[in-house]
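Hi,

Here's the structure I promised to pass on.

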Amino acid sequence: MGNEAGEWIMYGVDWDDPECIHTVEEAIEYINSVGFLPLFKNEIPGFSLEERTVPEYWWSGDKEKDPWEWRQIIAERGDIIYGKFFRKKAGFITKEWFPFFANYRRDGYDFDALYEDGKASHRQKKIMNLFLDKNPPAKLFSFEIKEKAGFGKDGEKNFDGTIADLEMKTYLCVRDFAQKTNKKGAKYG
């Protein structure tokens, strides 16, 4: 996805292009065949889900054709890992390739040692403490992490950047998507 003269541009292919990925199943098959794949266009031509899908279907809300919806389906399945792994941009890594990414990105550090050596911030530590507890939760939604780690109006700043840093280092990944609901049951955020 690029921004040209203030207008967002989606790159992709036509539906009948032989390189076109048409379904979430085809996306999963392709990701499994290459091992890892950025969600959006990057400096490697053709190496993104965006560039292998039809631009008009992005953000359509059609779970059958919308790659934005597919990322949620893929993350929830759990056999391909989703997160901000590519220059703090979203993408996918297979379970087969994830250990290689983790070894490289973590440079041999578990999180506590990373923090002790001054290579992780206090903000990162506050978030990771939620997961490094003796009985860590199976999952926490981002709004819960933000609250429990003390981010927000009167607390720590740069929550999204801190989460992206932890994803880049492969300490966190996205597994589910949910929106908050108000008292009337309407989704927001």
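Let's begin with two helices that meet: the axes of helix 1 (residues 24–34) and helix 2 (residues 67–77) come within 10 Å and cross at roughly 60°. That angle makes helix 1 oblique to helix 2 (under 35 degrees is roughly parallel, over 145 roughly antiparallel, 65 to 115 roughly perpendicular, and the rest oblique). The axes here are lines fitted to C-alpha atoms, for helices over the stretch in contact, with angles from 0 to 180 degrees between N-to-C directions. Helices (H or I, at least four residues) and strands (E, at least two) are DSSP runs, numbered from the N terminus.

Which residues make the contact? On helix 1 they are V24, A27, I28 and I31, and on helix 2 they are W70, I73, I74 and R77 (contact means heavy atoms within 4.5 Å). Seven of these residues are nonpolar, none is polar and one is charged. Nonpolar covers Ala, Val, Leu, Ile, Met, Phe, Trp, Tyr, Cys and Pro, charged covers Asp, Glu, Lys and Arg, and the others, Gly among them, are polar.

A word on the source: this is a predicted model, where local features need pLDDT of at least 70 and side-chain atom pairs count only at pLDDT 80 or more, while totals for chains, interfaces and linings use all residues. Residues are numbered from 1 along each chain as its sequence is written, and side-chain values use heavy atoms, leaving out hydrogens and water.

Now the rings: the structure holds 17 aromatic pairs (ring centres of Phe, Tyr or Trp, with its six-membered ring, within 6.5 Å; planes under 30 degrees apart are stacked, over 60 edge-to-face, the rest tilted). F36 and F86 are stacked, at 6.3 Å centre to centre with 25° between the planes. F36 sits in strand 3 (residues 36–38) and F86 in strand 4 (residues 80–86), so this pair ties together parts that are 50 residues apart in sequence. F36 is partly exposed at 21% relative accessibility, whereas F86 is buried at 16% (buried is under 20% relative accessible area, exposed over 50%, partly exposed in between, with a 1.4 Å probe and protein chains only). Both also belong to one aromatic cluster with F47, W97, F100 and F101.

Finally, helix 7 (residues 159–168) is mostly covered, with eight of its ten residues buried. Those buried residues, including F159 and L166, pack against strand 4, helix 3 (98–106), helix 4 (111–116), helix 5 (122–131) and helix 6 (142–148).

Cheers
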